Amino acid sequence: MKQVKFLIITALLIFTAALTGCGSADNADSKKVAICFPNTTPSWQRNSAALQDQLSADGFTVDVKSSATVEEQQQQIKDALQAKPNCMVIGAIDSAALVDVLENAKTYNVPIIAFDRIILNTDALSYYASFDNDAIGEAQALYFEAALNLRNGGGPYNIEFFAGGAADNNAHIFFNTVKEMLNPYLKNGQLVCRSGQTDFNSASVKDWQSENARPRIRELLTQYYSGETLHVVLAPNDEIAGVILDEIQKAGKPVPLISGLDGDPKAFERIRNGQQTFTIAKDPDVLTAKCVRMIKAVVEGVQPDINDVKTYNNGVKIVPAYLCTPQIVDKTNVQNF
Ligand code: BGC
């Protein structure tokens with residue numbers, strides 16, 4: 001009788017442990033998140049650190065991978081998927097180069113969230129957490145329009161264009177939005193691009209690497225602006241704005257009206273010093289907080305908070321998204337940053 005009682009109690013204990021998941025690998029694994037980000041720019045490093053901190057504080061086990069090249073990122077995603085995380089967050093180096101590596105995400109049933117940059121041509125993507133990329137391009141163009149009084153016939157002003165890396169879908173969105181809004185002024189001569197380099201390919205800075213902008217701005221200055229003033233520069237982000245301004249100053253030219261993006265601390269400093277005109281700040285904590293909420297919902301199997309279900313067609317499906325609002329920072333409000 002004693003032996004039967006002992007067996008029943010033992011069986012009950014095992015059953016309860018199984019139900020609560022106590023000590024089981026399943027439970028330990030139930031909050032495992034993989035982050036696969038580029039390490040190519042300071043803004044990505046800030047995003048990665050912010051996401052990792054918030055997830056760790058919320059009790060997630062975080063596997064962080066950071067890559068410098070497309071090939072390295074593809075390999076890291078493959079490796080991270082082998083561990084079958086409960087969710088994977090990707091900042092794509094090349095928006096269109098992850099189709100094959102994400103096939104396993106479907107096989108292993110790993111939900112994928114695209115962070116800041118959409119991932120194209122795959123149905124393995126579940127959600128997209130980003131800033132409103134159209135709004136960024138719009139804000140850059142509207143700032144130029146107002147500062148140069150273009151609506152009331154201001155100009156003519158000389159302008160040169162820089163764009164982000166071609167492999168990143170965002171770079172095209174920002175550039176196309178700005179161009180579309182400024183085109184009427186280029187057509188009617190209020191804006192003049194002396195180099196004639198107004199298309200994306202000529203303006204694109206390879207891989208978003210700011211140093212790749214240096215030879216081009218030098219060349220533009222010597223070839224087209226030796227006896228002319230360069231009034232306006234579209235810089236697609238703060239790092240690239242920094243390099244452009246550096247070359248303009250080295251050439252002894254006046255500081256132009258120049259845009260930026262991200263809200264890098266160095267850009268805030270340049271705005272305070274009257275060098276960079278403005279930036280569009282993308283607070284990493286704002287996007288991270290939204291992304292963490294999305295991850296939690298996905299891991300719990302519930303519908304995450306989304307605010308856009310129409311804009312991001314990735315070529316295969318419309319990806320439900322949460323788009324955060326970016327903020328313009330110039331000399332009038334930089335003291336708050
Ligand atoms: C991001 C920008 C960033 C750039 C370079 C883009 O996809 O949206 O915020 O500056 O990549 O990393």
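Buried means under 20% relative accessible area, exposed over 50% and partly exposed in between, with a 1.4 Å probe and protein chains only. The model is predicted: local features need pLDDT of at least 70 and side-chain atom pairs pLDDT 80 or more, while totals for chains, interfaces and linings use all residues. Residues are numbered from 1 along each chain as its sequence is written, and side-chain values use heavy atoms, without hydrogens and water.

Q: What percentage of the residues of the chain count as buried?
A: The chain has 337 residues. By the cut-off of under 20% relative accessible area, the buried share is 49%.

Q: Which residue has a side-chain N or O atom 2.6 Å from an oxygen atom of the ligand?
A: A polar contact is a pair of N or O atoms within 3.5 Å. For Thr41 the distance from a polar side-chain atom to a ligand oxygen is 3.2 Å, and for the side chain of Asn170 it is 3.1 Å. The residue at 2.6 Å is Asp168.

Q: How much of the accessible area of the ligand does the protein cover?
A: Accessible areas come from the Shrake-Rupley method with a 1.4 Å probe. On its own the ligand has 310 Å² of accessible area.

Methods
A polar contact is a pair of N or O atoms within 3.5 Å; within protein, one must be able to donate a hydrogen and the other to accept it, and residues adjacent in sequence count only if both atoms are side-chain atoms.
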